[in-house]
Every structure is written in C-alpha cells, then in structure tokens.
Amino acid sequence: AAMRADALHSASDVLISALVFLSVWIGLRQDRNEQERAQAAPNGTDGRNGHAAGNASRKATQVVLENLTAMLLSLLLMGTAAGFLVSSATRRAYAVNRIPLAIAVVWVCILLSSFLGRYKIRVGREEGSISVEADGQHSVMDMYSSVVVLVALLGNLIGIRLDALASVIVSLLVLKAGSEVMFSSI
C-alpha cells in the first residue's frame, strides 16, 4: 500500500509539473506577444496605455495564473492524500516478491526527487514563480514519501511489517504539502 501510494504520488508529480509548465508557458507566450505588440506600435508604446501599463498588466495576469495553478496543485495534492488514506485503510496489502529490486528503484526515485525538488525551488525563487516553487516543494515531499517507503521496504526485508503505517505517513506528508501550497498561493 505504501509503494502504491508513493507511486501515485510520483505520478501526480508528473501531472502537477505539466500544469506548472503550462502556466509558465502561457506567461512566456503572453510576454512574447506583449513584446511584439510594443515593437510594432509607434513611439515605443504598446498601442494602449504605454509600455509600463502593458508590463503591469502582464505581471498581474502572470501572478493570478501562477496563484491559480498553485491552488489547483494544492487541491490535487489534498485530494490525492485523502484517497491514499482511504486506500490504506480499506485495501489489503500484497507481498512484495523482489524487495531488493524495489529498494533499488525507490533509492533512484529518492535521488531524482531530491535533485528535482531543490532545482525547482531554486529556479522558482530566482524567477519569482510561486507555482514552480510549489512544484519543487511537491517534489521534495515526493522524496520524503519515498524515504518512508524505503524504510518500510527495509523493515519488510528483515521481517517487520510497516506497510500500513508507512502508507498513512505518506498520505499525511502529501496532505501537508497540499495545505502548504494552498496557504502560500492564497
């Protein structure tokens, strides 16, 4: 159950990163359209209220888009966490046959999530993008949930069943990430 929850969490990371990419891409596209409009207009204006007004409008639109994306991301995370909690309470656990292979795969996931999380957070802060930073926070939470799964697998390897507890912990970590993203976007 913990591996399943962690796998779904990682899959949601891909969906969330795609949403963040889309919001950033829309913002960049809007920037390019504004620049083209400013270059085409006489006397360096954008054809409406001048270049400064166009920049302010573009920034305001980008901030709204970033915050809406972060809110959507947080709702997805909290819904996923609720689903994990219900799933861990109602599904029966299955035996993992290849524990050493599962440990190796989870270890690779931990390394990737750690790198991606730190990188996205840094880029989000440098660029002032709340949605990219929130996506980085989600990747860090994904790393922590993978660490919990790794501990459960290591316990399984020596005969200690930690699957149900690990699944609940992963669910709570995802819920925490979702609520933090919601508060920061509000």
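**Entry 1: burial and surface**

I looked up burial to begin with: of the 186 residues of the protein, 39% count as buried. Here buried means under 20% relative accessible area, exposed means over 50%, and partly exposed lies in between, with a 1.4 Å probe and protein chains only. I noted that this is a predicted model, in which local features need pLDDT of at least 70, side-chain atom pairs count only at pLDDT 80 or more, and totals for chains, interfaces and linings use all residues. Residues are numbered from 1 along each chain as its sequence is written, and side-chain values use heavy atoms, with hydrogens and water left out.

I then took the accessible surface of the protein, which comes to about 10,500 Å². Carbon and sulfur atoms hold 67% of that surface. The areas come from the Shrake-Rupley method with a 1.4 Å probe, and for residues only the protein chains shown count as cover.

**Entry 2: helices**

I counted 5 helices and 0 strands. Helices (H or I, at least four residues) and strands (E, at least two) are DSSP runs, numbered from the N terminus. Along the sequence the pattern reads α-α-α-α-α.

I also looked up contacts, meaning heavy atoms within 4.5 Å. Among contacts in the protein with a separation of 6 or more, 77% come from residues 24 or more positions apart.

**Entry 3: the core**

Which residues have the most contacts inside the largest nonpolar core? I found Leu-73, Leu-77, Val-106, Leu-153 and Val-174, in a core of 27 residues. The helices α1 (2–40), α2 (51–90), α3 (99–127), α4 (130–157) and α5 (163–185) each supply at least two residues of this core. The most comes from α4, with 9 residues. A nonpolar core is a set of buried Ala, Val, Leu, Ile, Met, Phe, Trp, Tyr and Cys residues joined through side-chain atoms within 4.5 Å. As background, nonpolar side chains in soluble globular proteins tend to be buried together.

I followed Leu-73 further. Apart from its neighbours within four places in sequence, Leu-73 is in contact with Ile-16, Val-20, Asp-135 and Val-181.

I checked the length of α4. Its 28 residues should span 40 Å at 1.5 Å a residue, and its end C-alpha atoms are 40 Å apart, which agrees. The expected span of a helix is 1.5 Å times one less than its number of residues. Since 20 of the 28 residues of α4 are buried, this helix is largely enclosed by the rest of the structure. After α4 comes Gly-159, with a positive phi near 100°.

The buried residues of α5 include Asp-163, Val-174, Val-181 and Ser-185.

**Entry 4: salt bridges**

How many salt bridges does the structure hold? I found 3, a salt bridge being a side-chain nitrogen of Lys or Arg within 4 Å of a carboxyl oxygen of Asp or Glu.

Asp-135 pairs with Lys-120, with the closest N and O atoms 3.2 Å apart. Asp-135 lies in helix α4 and Lys-120 in helix α3, so the pair ties together parts that are 15 residues apart in sequence. Asp-135 is buried, at 4% relative accessible area, and Lys-120 is buried at 14%.

Glu-133 forms a salt bridge with Arg-125, at 3.0 Å between the closest N and O atoms. Glu-133 is partly exposed at 22% relative accessibility, whereas Arg-125 is exposed at 55%.

Arg-122 and Glu-126 meet at 3.4 Å, N to O. Both lie in helix α3, 4 residues apart, about one turn of the helix. Arg-122 is partly exposed at 45%, and Glu-126 is exposed at 55%.

**Entry 5: aromatic rings**

I found 1 aromatic pair. Rings of Phe, Tyr and Trp (its six-membered ring) pair if their centres lie within 6.5 Å; planes under 30 degrees apart count as stacked, over 60 as edge-to-face and the rest as tilted. Phe-115 and Tyr-119 have ring centres 6.0 Å apart and planes at 15°, so the pair is stacked. Both residues lie in helix α3, 4 residues apart. Phe-115 is partly exposed at 49%, and Tyr-119 is partly exposed at 41%.

**Entry 6: Thr-61**

Last, I looked up Thr-61, which is in helix α2 and is partly exposed at 35% relative accessibility. Thr-61 and Gln-30 are 31 residues apart in sequence and 9.2 Å apart in space, C-alpha to C-alpha.
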